[in-house]
Every structure is written in C-alpha cells, then in structure tokens.
Amino acid sequence: MTDVLETEFRAAMRHVASPVAVVTTYAGDEPHGSTVSAFMSLSMQPPMLLVSLDNRSTLLAMLSVGSPLGVNILASGQSDVAALFATRGADRFAALPWSLRDGAPALDDTHAWVATRVGSLVPAGDHTLVLADVIGAAHDTREPLIYHQKAYGTHLPY
C-alpha cells in the first residue's frame, strides 16, 4: 500500500464510530487483555463473534483453537480502561476489579460481556481474525464507549 493510500484509508476509517472492547483470555495462570475496536457479531445460528487482532499482539500469541476469549464491551466513562489495555507492558489487571467468568477475565462495570471459545484463527494482512463461538452473554444499562475521530465518547439515542 502506498503511503498516500494508507494515510487516506486511516483518515476515512477515523470517520467511522466504533464500539470499544477489551478482549481477554486466561493463560498460564494469568489474565491477558488488549483493547480492540474491530469486533462484530458474525452469526446468530450458531452464535459467533469476530475479533481482529494485530499479528504483533501478545494476546494473540496466547490464543489457540478452544481458548477462552472474553469480550468486555466498555461503557461510557471507561476510556481510562481502554487506554490502559492499549498500552504495551502495563500491568493491566492490577488496578482493576475483575473476575474469571466462563474461563476468561471479565472486567467490572462494562456495557456488555460476551464469553466465547476460539473456533479458528484466520490470517488477514497484518491482523488475524479470531472467529469465536459464543458460550454466554450479558449486558447492562450503561451507555457504550465509542471511538470516533481519535476521541472517546458515547451514543445516546434520540
């Protein structure tokens, strides 16, 4: 991709509002997690979810088929959590309340939770698509955290 095309593509994608999630797993007796904005429901029959992870992700290195994967969809007011899990090398779980739920770390006070098991890992450019089978889900009344134009916010229906 040319530098000009990459710049234009990044600028175009900044115009798309995205929900923000912290994707987690539990491996080696430790919690692991990373902030993502590239995730979506994939199928209802059977229930599946897709998460896109950078190939350099330490979280991705922890995953294999069958691994537990939690998708903590963040609530408005949790931009500090999103920033923490986007920082490499930080002790991400030390300062946050969380519990092991359906085999994966679930953060407290999120907008929604989806528990999955990794079904397959599909290479896609500089990312890997994680196709995950849903094994549980829950939601709250908190508003979602949204990322748009390099800033966090929320969506309020009108």
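Which residues have the most contacts inside the largest nonpolar core? The structure is a predicted model, in which local features need pLDDT of at least 70, side-chain atom pairs count only at pLDDT 80 or more, and totals for chains, interfaces and linings use all residues. Residues are numbered from 1 along each chain as its sequence is written, and side-chain values use heavy atoms, without hydrogens and water.

The chain holds 3 helices and 12 strands (DSSP runs numbered from the N terminus; helices are H or I with at least four residues, strands E with at least two). Its radius of gyration is 15 Å, close to the 15 Å given by the globule rule for 158 residues, so the chain is as compact as a globular protein of that length. The radius is taken over C-alpha atoms, and the rule is 2.2 Å times the number of residues to the power 0.38.

Of the 158 residues, 37% are buried (under 20% relative accessible area, 1.4 Å probe, protein chains only). The largest nonpolar core has 18 residues. Such a core is a set of buried Ala, Val, Leu, Ile, Met, Phe, Trp, Tyr and Cys residues joined through side-chain atoms within 4.5 Å. V51, L53, L69, V71 and V130 have the most contacts inside this core. At least two core residues come from each of β2 (21–27), β5 (47–54), α2 (58–61), β6 (68–73), β9 (112–124) and β10 (127–139).

Beyond its neighbours within four places in sequence, V130 is in contact (heavy atoms within 4.5 Å) with residues including L49, V51, L69 and V118. Another core, of 9 residues, lies apart and includes V81, F85, F93 and L107.

Definitions and conventions: Buried < 20%, exposed > 50% of the residue type's maximum accessible area, 1.4 Å probe, protein only.
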